[in-house]
Structure formats: structure tokens, C-alpha cells
Amino acid sequence: MNQTKVIIIGAGAAGLMAARVLKEQRVDFIILESTHRLGGRANTLKSHPHIEYGPEYLHGDTPLTDKLVERFGLTTYDVKFDYHYFKDGEMRATPDFWERLTHVIEDIDLKNDISFSDYLRMYDQNSKIDQDMAKIFVEGFDAADLDTISSKELHDMKDQVADPKVRRLRRLLNGYGELIENLAQDLLPHIYFSHIVEEIVWNRDKVTVRGAIKEEDIPFEFFGEKVINTMSVGVLRNVFISPMPDLLNHFLDQVEMGQVVKMIGEFHPAFFYAFEDHSFPFVASPDLNFSAWWSASPLHLPIVTAWCGGARARKLTAMTEDERKEVYIQELAKISSLSPEEVRCQIINIHHHNWDEDPSFLGAYSYPRVNYRRMAEMVTSFENTLYFAGEAFHEEMSGTVEGALQSGKEAAEEIATAYEMQNLRFEQSL
Ligand SMILES: Cc1cc2nc3c(=O)[nH]c(=O)nc-3n(C[C@H](O)[C@H](O)[C@H](O)COP(=O)(O)OP(=O)(O)OC[C@H]3O[C@@H](n4cnc5c(N)ncnc54)[C@H](O)[C@@H]3O)c2cc1C
């Protein structure tokens, strides 16, 4: 009989973190995972150099990630970018990149919320270049459509962009994959891979989860007392939940799944001799489909990442993989003053994962829509039975691995405490 105490849906950062806490607290659990691998959006190709299809940065303060990094003996390093702005065929250094975009976001002062594009059209008095920086940041960092994202929420993020400590960027020396592998140690016997959840039926302390095994299309059914959902909000909208809590519907109406196209070119080392100091700067450009470019700096690894987020990512997503690669080559040629042929003959591979079209994700990460209402306490559990974790359910750190880890930990701790109380009550009644 497929019976357990807690059913965790998803073996990404949130699901694995929740599982680790439950294992430490000796609460029975299983994990149902739709793909054949660990990590979800944290997806590292183990090669030399390693390739991050998804997250690569630790953004600002990441206390839980740091704790895990220490516990597993991993290494992080600081990233310092040499910021440049590319427009009308001209490259210029913009060491004040962060200050420029902070001006725009700090100035937002609204009674009623409007989209960021409306705000720029109606109120913003900043220079065109500052506006460009802010748009590239919002589309890039938040993966957001400028016509949909809440200006008020952006304004509330101003401390994040203004404080150098908070905007500190680090990477893991061997990528997020190593963190995920360590997190998943001893958890593998509990994980059912290729199990796609389609339906959750629940009432207090009673849960039935149904779905089908990928490719074989064999139905499955698991029974538990509690369930932790860590699917992205894009996927969650397609899962049948009965009864569906009103508050959850309300929350799903207020968040949007952002879009990102991240392409990572892997080159022959000689490619970098074309650049000053043999390194490639951070380039932001309003003219290009890929509005942000960066290298593995300060490490001298022969990779160049192209990033496109928000509405403009839709155009790239609609292309074939060959067409997207051609855009990568043409645009890299423009910013590096090389010919497309020169770029082409230095490329070993261009790596990419299509997050928007992958049914296990349906987008990159969440952002708040216009009129988003912060909830005093995020709606993450219903009747101590139906729990939600994952990046979208962490108010301060949504859209990050740290947020996903923290939300998974919090959900599992709440469940472990509930079981502890139950045991205590049982012992007292004896
Ligand atoms: C291109 C890209 C770049 C990013 N860059 C950064 C960065 O630099 N720094 C940072 O902190 N964050 C970054 N992020 C965001 C970060 O990756 C996420 O916030 C985090 O990994 C989300 O973890 P999660 O556990 O909430 O969700 P997921 O990783 O999505 O985990 C959910 C799991 O559920 C599984 N699942 C889905 N549907 C089903 C189903 N029906 N049945 C069973 N299982 C299912 C999925 O396969 C997945 O394994 C990036 C994301 C992307 C896409």
C-alpha cells in the first residue's frame, strides 16, 4: 500500500530541504518528482567547465544556503562585474550601473499601483540611459513583463538594489548541482522519479495524491496525512486540488511566472584573447534581444552567458533552437567587435534549457503582478494538511534558491512540530 505520513511533491531545492528536515525529525515521507533528475530549476551540467542551465548566483544575504555550504564543505566566491552599456553600436563603461537603476526605482511614489511600463510612461523623469538600466534590470533580474509587474513591489525592493551588501553576488565554485547532490544524500530511497502528480484530494490529516508515471502512462495513487507542494506556480495552476482553498486561488491570481532565455556559449580558450585583460565584461544593452551578457569572471573559464528576460524572451522562445543560437552568435559578434564567422569558429557548444516549454516548470520564476497584496503571513498551509513551499511562497526571497530552501525548511518544521505536539498529547493522555 502506498501509504506514508508526508507526501512531498518535487525534488527541487524546496522539496529536498523539506525532506532533509523530516528525515532528521524522523517523520516518514516520500517525494514524487516528475522528471528523472534532482534539483528542479537548479540544474548543473557536470562538465569542464560546468554549465548552469538555471541558477548560478547567491543573491545578497543567503543564511540558509551559507549554512549548507559550510556543512557540506563547499566553496563560494564573490563576483565583481565590470559593467558596460552597449547602444547604437557603441560600448561605454557604466561603473554606476546600480546607482542609475536605483534612482528610477527609489523615485516610485504611488497611491495606486500601476505596471512598471505605465510608471515609466507617466511619471519617470530620469534619463533614457537610467530608464534603460532599470528596464534591463526588471526584465532580467525579475524575469518580469514590464506591462504586468507591480511598481509598488519594485519600490519595496529598493533596499535590495541600493544596499551593496544586499546586492552582493556570489557563485558556488562547482555550481548549485553540488549543493543539490549533498542535500539529497540518503534521500534517494524515498524519491519516486518520473511520477507526474495531476490531482490532490484532501481533508484534515488525510491526503490522496494521484498521477501517472511518465512515458509509461501508468496511473499511481499515494496516501498520506499531509502534503507539501513545491511545484512552480505555473505548474500548480494545472493541478486539480480538491477542495481548492480560496486564498490559494487569490494568491495564484496575484503572481505571474516570469520568462527567461539563458544561453551559455562554451568557447575555445583562444576566444578570450580578443578582449582586454583576456576577460569579458558585463554588458547591458537595450538594442539586443539578449539584453545582458556576462562571463564566469573572476574565474577564467571559457564561457559567455546571454540572458533575456520578461516579454522580450517570448520572441526568442518562439524560435527554433538553431535560430536562437544564430541570434546568440550575431549579437555576441556585435558586442565583441568580431565577425559572426570569427565567433562561430571559436564556439564548442551553446547550452540552453527551455524552461517555458518544459511542463515541469512552465516558466523561470515568479514575480508580483500589479495590485499584489502582501499577506501578513504568506498562505502556506491549510488545516495543517495542505502545505505550499517553493520560491513563490517565500515573500522576501521569492525567485531565488535561498527562498526555495527556506520555504521548504519552514513547511517541514511546522509539520514536525505538529507531530511532536500530537505525540506529546498522546503520551499525556496515557
Ligand atoms: C534560468 C534561471 C536562472 C535563475 N537564476 C537564479 C540565480 O542566479 N540565483 C537564484 O537564487 N535563483 C535563480 N533562479 C531561480 C531558482 O532556480 C528557483 O527560485 C529555485 O531553484 C526554485 O526551487 P523550487 O524548489 O521552488 O522549485 P523547482 O526547482 O521548480 O522544484 C519543483 C520540482 O517539482 C517538480 N514537479 C513539477 N511538476 C510536478 C508534478 N506535476 N509532479 C511531480 N513533480 C513535479 C519539478 O520537476 C521540480 O523538480 C533561476 C531560475 C532560472 C530558471
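Predicted model: local features only at pLDDT ≥ 70, side-chain atom pairs only at ≥ 80, totals over all residues.
Residues are numbered from 1 along each chain as its sequence is written. Leu 338 is found in the loop between H12 and helix H13 (340-344), where helices (H or I, at least four residues) and strands (E, at least two) are DSSP runs numbered from the N terminus. Not counting residues up to four places away in sequence, Leu 338 touches Ala 274, Ala 333 and Val 343, contact being defined by C-beta atoms, placed from the backbone, that lie within 7 Å. Ala 274 is 64 residues from Leu 338 along the chain, and their C-alpha atoms are separated by 8.3 Å.

Ile 335 lies in helix H12 (residues 321-336) and counts as buried, with 21 C-beta neighbours inside 10 Å. Leaving aside neighbours within four places in sequence, Ile 335 is in contact with Phe 86, Met 91, Val 283 and Trp 293. The C-alpha atoms of Ile 335 and Met 91 are separated by 7.5 Å, although the two residues are 244 apart along the chain.

## Asp 88, an exposed loop position

Asp 88 has its place in the loop between strand E7 (83-87) and strand E8 (90-93), and is exposed, with 7 other C-beta atoms within 10 Å. Its C-alpha atom is separated by 9.4 Å from that of Pro 286, which is 198 residues away along the chain.

The domain assignment, which is of automatic or database origin, gives domain 1 (6-40 + 175-256 + 374-429) and domain 2 (78-172 + 260-352). The C-alpha centres of domain 1 and domain 2 lie 33 Å apart.

Outside the four places on either side in sequence, Ala 18 touches Ile 8, Ile 228, Ala 389, Gly 408, Lys 409, Ala 411 and Ala 412.

## Helix H8 and its buried face

In helix H8 (residues 176-183), Tyr 176, Gly 177, Leu 179, Ile 180 and Leu 183 are buried. Seen down the axis of H8, these buried residues fall within an arc of 160 degrees, so they line one face of the helix; the arc is that of the directions from the helix axis to the C-beta atoms. Among the elements that cover the buried residues of H8 are H1, strand E3 (44-45), strand E4 (51-52), helix H2 (63-71), strand E9 (169-172) and H14.

## Surroundings of the ligand

The ligand has 39 residues around it, of which Gly 10, Gly 12, Gly 40, Pro 55 and Gly 390 come nearest; a residue is near a molecule if its C-beta atom, placed from the backbone, lies within 6 Å of it. Helix H1 (13-24), strand E5 (57-59), strand E11 (195-203), strand E17 (260-267) and helix H14 (401-429) are the elements that give two or more residues to this shell. By class, the shell has 19 nonpolar, 14 polar and six charged residues, where Ala, Val, Leu, Ile, Met, Phe, Trp, Tyr, Cys and Pro count as nonpolar, Asp, Glu, Lys and Arg as charged, and the others, Gly among them, as polar.

## Backbone exceptions

Most residues other than glycine have a negative phi, and most peptide bonds are trans. The peptide bond from His 48 to Pro 49 is cis, with omega near -5 degrees, and Pro 49 lies in the loop between E3 and E4. The peptide bond from Ser 242 to Pro 243 is also cis, with omega near -5 degrees, and Pro 243 is found in the loop between strand E15 (240-242) and helix H10 (246-254).

Ala 143, in the loop between helix H5 (128-141) and helix H6 (151-156), has a positive phi of about 55 degrees although it is not a glycine, and is buried, with 27 other C-beta atoms within 10 Å. Asn 384, in the loop between strand E23 (381-382) and strand E24 (386-388), has a positive phi of about 50 degrees, again without being a glycine, and counts as partly exposed, with 17 C-beta neighbours inside 10 Å.

How values were computed
Buried ≥ 20, exposed ≤ 12 C-beta atoms within 10 Å, placed from the backbone. Contact = placed C-beta atoms within 7 Å.
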